[in-house]
Amino acid sequence: MDPLYTGPVADPGKPGEPPYTRGIYPTMYRGRLWTMRQFSGFGTPEDTNRRYHYLLDQGQTGLSVAFHLPTLMGYDSDHPMSEGEVGKCGVAIDSLADMETLFDGLPLGKISTSMTTNAPATILWAMYLSVADKQGVPWTALRGTIQNDILKEYIAEKTYIFPPRPSMKLVVDTFEFGARHVPQWNTISVSGYHIREAGSTALQELAFTLYDGIEYVEWALRAGLDVDDFAPRLSFFFNAHSDFFEELAKYRAARKVWHKVMTERFRARDPKSAMLRFHTQTAGCALTAQQPRNNVVRVALQAMSAVLGGTQSLHTNALDESLALPSENAARIALRTQQIIAHETGVTRTVDPFGGSYFLEKLTSDMERGCWEYFDRLDAMGGMVVAIEKGFPQREIQDASYEYQMAVERKDKIIVGVNDFVSEESPIEVLLIDESIAALQAAKLKALRSSRDNGRVRQTLEALGTAAAATNVNLMPAVLDCVRSYVTLGEICDALRAVYGVYEESVI
Amino acid sequence: MSEHIRVLVAKPGLDGHDRGAKIIARAFRDAGLEVIYTGLRQTPEQVVSAALQEDVDVIGLSVLSGAHMTLCPRILALMKKEKLDDVLVIVGGIIPDPDIPKLKELGVSAVFQPGSSTEDIIAYIRSHVRSHA
């Protein structure tokens, strides 16, 4: 980086106009604030439902569901692999009955909901649609997002179940189903967040994420979909890490590159297909366990970069997340942080206030160039699925993560409270998850399995297996039938595992 | 002191957060330790059987999901059954302070929380490894 940047710089254009470097809307937050959407879930569906009501009472404007690991990995809470994990990293959802409890008293026609689910995305989406049915809300009125980004699971987050190829088919099924029946739903949130959390650089986060986006479009086109039928519903999800201007450049470059990809590579005609909309979450990996109160400051600065970068929705991390799931107090401070940025700082009054800055424009074009270079390498490999099978993005991220750690250990990089400015602080209160939750969920499952129509369960599961084996049948209707018959998430995943097999990563 | 310390780096439980485990494995290798990495989602039985087969001096468990108070005791009990008494067990990840004394009582030698340096962990292993000849 140079000590000073001088002009001239190329004109970055106007917000709301292609290539959207400065924002996808002409008025941005003057017209409407970003959605304040805190990722939340723990314990039983009853526990999390209470937290959702609390957060909405405190001024949150959208919901975001964190499921526990057994749900994400396709196991019911009473499965041996679930031992010790129930309700820990998110809320335990085993069947439609749990989903009904989770959204009890929350009007799905009025609130948008994001669900972080990938391998079992079809199932949890089907459960959400079924809850809407029970609330009498038409699917056309539903707004929300399923993360549904399986590629970054193989690359970074590692909560995969099935191998890449059948998994990609399931993703395309949701694109097609959403376009026909749930038109306001974002059927994917192509995510760089987890790539960054796994240790990538900002550039790798950008390049691998956008290239994942390319891969999804390619697969959907190969399945016979028209680009403008599904591309307007593709959304993205980025990390807000600590290097303030680098992050700003990343968001701006993302919009510019995606516009070019969609208009030139895929010849999209609908302007919405080429407008990159994104959610942002502040960097969990930048939180420190030491002097955790300082995390409030880190989160505020990271959130500011996301806002100045033109995010459509934002999650601000709680100060205690390096230690546990957030306590109610910590969750409230995290939400207040966004409200302070929105209502006190004045940054919402003008669009892309840093636009035209010598430094930022140079960083943005460097970021863009680096992104195209990665795209060339990935194209040459034959696309992202092949690159993943070769371990390419995994290796790049691992190297970056090791270099970061070594820079911290050499003190080339200072982390306040960790490798410098160390001091003792009194401990903070943390949320403890009650171990009895596993027994509660197991009892619910037992009751469900004895009270439901098990003939119907067998029938719908069999139909699901047949549809999965057929390879050219959209699986959503069969999954919906299972869910409505109170087939559990674990049972549905078992049926799919029997057809698709499971993915085992080779250690790189 | 000869440098043939064999370490099993293991990820029990369902969480896929392997950034720490992989950094640790690489730092150990760079420091001259022999490392066997189990990969993700190992059951306690798989971890202990790998430790036996590989004849390791140290087991490093990485858990970030909050399941450590279920998984670690089970691994330690299985180790006792297999008479792996002289194998050093260290744990890393998101481990809240109140759980550390409980884990130590069960036989965990040290717990490394977020922010620990690989250098400190390697130094700890070198000064505490028991079985190595």
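Me: What should I keep in mind about the model and its numbering before reading any feature?
Reply: The model is predicted, and local features need pLDDT of at least 70, side-chain atom pairs count only at pLDDT 80 or more, while totals for chains, interfaces and linings use all residues. Residues are numbered from 1 along each chain as its sequence is written, and chains are lettered from A and ligands numbered from 1 in the order in which they are written.

Me: How do I read a sheet, and what is the strand order in the open sheet of chain B?
Reply: Strands of a sheet pair through backbone hydrogen bonds, either parallel or antiparallel. Helices (H or I, at least four residues) and strands (E, at least two) are DSSP runs numbered from the N terminus, and two strands pair if DSSP finds at least two bridges between them. In chain B, five strands form an open sheet with parallel pairing, in the order β2-β1-β3-β4-β5. The edge strands, β2 (34-37) and β5 (110-112) of chain B, each pair on one side only, and the twist averages 20 degrees from one strand to the next.

Me: Which strands does β1(B) pair with, and is it mostly buried or exposed?
Reply: Strand β1 (residues 6-10) of chain B is joined to β3 (residues 58-63) of chain B by four bridges, the two running parallel, and B:L8 has B:I59 as its bridge partner in β3(B). Four bridges also pair β1(B) with β2(B) in the parallel sense, with B:R6 opposite B:E34. A residue is buried if 20 or more other C-beta atoms, placed from the backbone, lie within 10 Å of its own, exposed if 12 or fewer, and partly exposed in between. Four of the five residues of β1(B) are buried, so this strand is largely enclosed by the rest of the structure.

Me: Which strands of chain A stand at the edges of its open sheet?
Reply: The sheet has nine strands with parallel pairing, in the order β5-β4-β3-β2-β1-β9-β8-β7-β6 (chain A). At the edges are β5 (185-186) and β6 (188-191) of chain A, each with a single partner strand, so one side of each is left without a neighbour in the sheet. Within this chain, five bridges join β7 (residues 234-240) to β8 (residues 278-282), which run parallel, and A:A240 stands opposite A:T282.

Me: How is the packing of α4(A) and α6(A) described?
Reply: Two packed helices are described by the angle between their axes and the distance between the axes. Here axes are lines fitted to C-alpha atoms, for helices over the stretch in contact, and angles run from 0 to 180 degrees between N-to-C directions. The axes of α4 (residues 121-135) and α6 (residues 164-181) of chain A come within 10 Å and cross at roughly 30 degrees. A:A121, A:T122 and A:W125 in α4(A) meet A:L170, A:D173 and A:T174 in α6(A).

Me: How many residues of chain A are in contact with chain B, and which helix supplies the largest share?
Reply: Two residues are in contact if their C-beta atoms, placed from the backbone, lie within 7 Å. On that basis, 31 residues of chain A are in contact with 26 residues of chain B. The largest share of the side of chain A that touches chain B, five residues, comes from α15(A).
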